Amino acid sequence: PPAFGQADLSNCEREQIHLAASIQPHGALLLLEEPALAVVQASANASAMLGTEVLGRPLAALGGDVAARIAPLLRQPLDAIPAAMRCTVSAGALAFDALLHRPAGGGLILELERPGAAPDLSRRVERALQQILSAYSPRMLCEEAARIFRDIAGYDRVMVYRFDDDGHGEVVAEQRRDDLEPYLGNRYPASDIPQIARRLYVRNRVRVLVDIGYTPVPLEPRLSPITGSDLDMSLCSLRSISPMHVQYLQNMGVGATLVASLMVGGRLWGLVSCHHYAPMAVPFPIRAACELLAEAIGTRIAALESFVQAQAELAVRRLEQRMIEAIGREGDWRGALFDQPQTLLQPLNANGAVLLFEGQVLSAGEVPGTAELRDLGAWLDTQPRGSVVARTALGTEEPRFAALTPGAAGLLATPVSEEPGEWLIWFRPEQVQTVIWGGDPFKPVIVGNDPTQLSPRRSFAKWHQVVEGTAEHWTPTDLATARLIGDTVTDVVLQFRAVRMLIAL
Ligand code: BLA
């Protein structure tokens, strides 16, 4: 794989970004070797920043209280979460915010930054947590998250960026300076954020780029004397940012970023991405607050998502009730499903739904023509029984239905009886049809191989290519909901047929 900074567009997926061998210049990094805590590797700016020679000397020799402050922290594991402290160096003349952790391979990494003006955040964080806890839908929570980060971190633009199952991203909420172009609703391909970076962001939950125009400060010596290889900087907050990504941000005109991971159920669900159009240093307490808030937001998203599932189950139970009442009233259950189109569309976030039953076709919303629907029914009969049938690129996966894209690129179907040809089917359109973009999304953009062309515009064009012909994924919740509706209708159909038979006798 390409070393840090050596990647081009053909191999940037595998750039070793955690082996940056350099830092951003707003702090200094020391690698300490136990037991003496001797400085064996340091960023080239360390001696100047700390006001004393560092390489080869034990930490205690640097003056101030830094060595004494570290001693009690060494009892913590420090291999997953860095410990934070305030300390002094050089006979107490210089104060620093410090972060201490154990990288893979051994030793201790100490990162030091001069403290910025630290506002008292406790009231604002408390209020923010309150707002997070009282958000009652995932969408509302994401909007709240963008407002909270803008308030606390103060960047020009804050986006909540959500990943789908394939890793493609969507800007689902945004707060920005009024004069900035909106990115809300934009979609980006998974390839904009390599897998290696995503794995890193699961472990390192807040990343900061202080000044896009920075000159990276190399580590000296280049390799860690403890391991004989590049220092693992995965958990470093001063780590240099991949030049590939820096180029991307430069092309967007961005001057500084802070990005926090949103973890839901142990997965990287999305990011809160803050952009500033000038350099921006964020003092450690603000970063710590952002990390805490991102954690709270992720936890709340998880709770709301399981609540959404519970709501869907409740809605299906109510639907069952209404179908049974309709049989009593009208001698038929189908009105309960189709009198209001939203009844069937909303629980699955579908654009169209169809019932094929006893040779008849009932529909809600946008659906293909009757002849095509009958063909679909015949094809569904050839599919294995016992589970829902789901397609996100129907026209590609089943080429004879190619003409049904763009309106019905996504299909979800469940049988409603044991009889052939009796199905409930939901449809979703091709997702490029559903995207809002400030400007013309279909204006051709050449997706070339030149990194200096990296931009959201190009990304969007690339996303467009990658997802062509596909609908938004059916989530596990969608599949469960569809199956529940299918089973419920099947029960109702059995009762309905039994009653009809009795009446006929
Ligand atoms: C990282 N790329 C990222 C990150 C984002 C994006 C959000 C995470 C940055 C962080 O957590 O600090 C992408 N940023 C966007 C997008 C928007 C945005 C889409 O603001 C839209 C508004 N990038 C590419 C390509 C490659 C690439 C083609 O576009 C190469 C495969 C690489 N992106 C790349 C790398 C990183 C990255 C290497 C990791 C940066 C790092 O942490 O060092």
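Biologist: Which residues come nearest to the ligand?
Modeller: This is a predicted model, in which local features need pLDDT of at least 70, side-chain atom pairs count only at pLDDT 80 or more, and totals for chains, interfaces and linings use all residues. Residues are numbered from 1 along each chain as its sequence is written. Around the ligand there are 26 residues (C-beta atom, placed from the backbone, within 6 Å of the molecule). Those that come nearest are Cys12, Tyr188, Ser242, His245 and Val259.

Biologist: Which helix gives the largest share of the shell around the ligand?
Modeller: Helix 5 (195-203), helix 6 (243-252), strand 12, strand 13 and helix 12 (456-467) each supply at least two residues (helices are DSSP runs of H or I, at least four residues; strands are E, at least two; both are numbered from the N terminus). The largest share, three residues, comes from helix 6.

Biologist: Where does the shell around the ligand lie relative to domain 2 and domain 3?
Modeller: Domain 2 (117-303) and domain 3 (306-504) both give residues to it; the bounds come from an automatic or database domain assignment. The shell therefore lies between them.

Biologist: How do the buried residues of helix 4 fall, seen down its axis?
Modeller: Buried (20 or more other C-beta atoms within 10 Å of a residue's own, placed from the backbone) residues of helix 4 include Leu141, Ala145, Ile148 and Ile152. Their directions, taken from the helix axis to the C-beta atoms, fall within an arc of 170 degrees, so the buried residues line one face of the helix.

Methods
A residue is buried if 20 or more other C-beta atoms lie within 10 Å of its own, exposed if 12 or fewer, and partly exposed in between; C-beta atoms are placed from the backbone.
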